[in-house]
Amino acid sequence: MVGVGAGLGLVMEGTSCGALLKELQQIWAEVGESEDEKNKVLLDIERECLEVYRRKVDDANRTRVQLHQSVAAKEAEVASLMATLGEHKLYMKKDKGIVSLKEQLAAVVPVLENLKCKKEERIKQFSDIRSQIEKIRFELSEYNDQGDSESSLAEDQHDLSTRKLNSYQAQLRALQKDKSERLRKVLEYINEVHSLCGVLGIDFGPTVNEIHPSLHQNGVEQSRNISNSTLDGLASTISKLKAERKSRIQKMRATMESLCQLWKLMDSPEEEKRQFSKVMSILILPEEGITSSGVLSQELIDKMEAEVERLAKLKTSRLKDIVMKRRRELEEICQNAHIEPDVSTAPEQTDALIDSGLIDPSALLANIESQILKAKEESLSRKDIMDRINKWIAACDEEAWLEEYNQDPKRYSAGRGAHINLKRAEKARILVTKIPSMVENLINRTFAWENARSKPFLYDGVSTKLDDQ
């Protein structure tokens, strides 16, 4: 037993089988074991050794099979990932005749892990880019269902190659460019609609909401719909607003023309005109130049039309006063020019005509205005002759005064004012000597005037007979 224990100790110490067998034989020799017993023990030892080797060989074989399977599975997974990712030169298999299975496994594991990481990263890239594509397509659509992006992504996992990724990136760039152009156009249209609504006094919000609700959203995270229908809707709205702008401008110009006529006709004060002075300055601009907020609003048009209606109601009553005023002006011009005014517009006749309704006051006023213009022209043409007549009359007056002065016996007395009368008499004598030449000059001027106009020169309705003086 001691020998066996020592032998076991030697085994634990890693001694070889030959040394143990030698030790066993020494023990048998001491014990005096028979040959049959020795052979039996040796057969048992050999059988037990074979069983141990068989178990070890089986374990090693299973390990080899598992390694083969593991290497094959991982290499297949590597191949599948390489095909999915479109990689062809990433992993080169080791020569199995040279490299052990563990070395092959050790070599393929990091490659597989790297490919898995790359796949996850590529999936994320595909997911991000498809998400962007779907979002832009959603914005370009008519806001229908966005689609099943998860099923699309599952389909993409069979092909995660850079070629497919580049294809998506090109598609995204094209969509982004289209989106940028559409967004620029939409914003341009929105600004134009906003400007036109401001000019026309129309609420901007409901106007664009009828096209699409997203057009009136101001949040940064809100995305505007930029589909074809939105662009067409904006273009159509702009066209309608421009047509409405043109219609209102025409209406306001016509209304303003009526206002101006009534103001002139009724001699309206500046205070009444001032409230529409801005409108007058705006309406002379071209359509595109009218940009002031609310200047073409329906409220302002209604206000102008109400003013026209108000003045039209006052026109009849006030026109009578204006007709009389303009008639007095005509008479004053005629009086200053010593012309007989037209009797057709005499106050007693115009009052009766207006009251009876037989004549439009506006037509009567226009007739008087025409007569005023004609009287002014007549007065201007007679000015030279009238100046000479006035000088001749003044000279005649001085001549009459001189005759009275010469008959006054006290003209040379030293009374108060005598020296003044003396000086006046000296001037009067000089002036009287000029009367014949003044008369002759006046007659010549009058004849020239009459010949030029083929009518007699009348003074307060009477023909001048200066040649008979």
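Modeller: The discussion below treats helix packing, nonpolar cores and a few loop residues in turn.

Modeller: This is a predicted model, in which local features need pLDDT of at least 70 and side-chain atom pairs count only at pLDDT 80 or more, while totals for chains, interfaces and linings use all residues. Residues are numbered from 1 along each chain as its sequence is written, and side-chain values use heavy atoms, with hydrogens and water left out.

Colleague: How is the packing of two helices described, and at what angle do H4 and H6 pack?

Modeller: Two packed helices are described by the angle between their axes and the distance between those axes. Helices (H or I, at least four residues) and strands (E, at least two) are DSSP runs numbered from the N terminus. Axes are lines fitted to C-alpha atoms, for helices over the stretch in contact, and angles run from 0 to 180 degrees between N-to-C directions. Here H4 (residues 101–140) and H6 (residues 162–200) pack at about 30°, with their axes 10 Å apart. H4 and H6 are therefore roughly parallel to each other; the term applies to angles under 35 degrees, with over 145 counted as roughly antiparallel, 65 to 115 as roughly perpendicular and the rest as oblique.

Colleague: Which residues of H4 and H6 meet?

Modeller: Contact means heavy atoms within 4.5 Å. Among the residues that meet are Phe126, Ile129 and Ile133 in H4 and Leu165, Tyr168 and Leu172 in H6. The residues of this contact between H4 and H6 divide into nine nonpolar, six polar and eight charged. In this scheme Ala, Val, Leu, Ile, Met, Phe, Trp, Tyr, Cys and Pro count as nonpolar, Asp, Glu, Lys and Arg as charged, and the others, Gly among them, as polar.

Colleague: How do H2 and H3 pack?

Modeller: H2 (residues 17–31) and H3 (residues 35–85) pack at about 155°, with their axes 12 Å apart. H2 and H3 are therefore roughly antiparallel to each other. Leu21, Leu24 and Trp28 of H2 make the contact with Lys38, Val41, Leu42 and Ile45 of H3. By class, this contact of H2 with H3 has six nonpolar, no polar and one charged residues.

Colleague: What is a nonpolar core, and how many residues does the largest one have?

Modeller: A nonpolar core is a set of buried Ala, Val, Leu, Ile, Met, Phe, Trp, Tyr and Cys residues joined through side-chain atoms within 4.5 Å. Buried means under 20% relative accessible area, exposed over 50%, and partly exposed in between (1.4 Å probe, protein chains only). The largest nonpolar core has 73 residues, and Met252 and Leu296 are among those with the most contacts inside it. Another core, of 13 residues, lies apart from it and includes Trp392 and Trp449.

Colleague: Is Arg245 buried or exposed?

Modeller: Arg245, found in helix H8, is buried, with a relative accessible area of 7%. Leaving aside neighbours within four places in sequence, Arg245 is in contact with Leu196, Leu200, Glu287, Glu288 and Leu296.

Colleague: What is the phi of His338, and where does His338 lie?

Modeller: Most residues other than glycine have a negative phi. His338 has a positive phi of about 55° although it is not a glycine, and its place is in the loop between H11 and H12. Ser454 likewise has a positive phi, near 55°. Ser454 lies in the loop between H15 and strand S1 and is exposed, with a relative accessible area of 67%.
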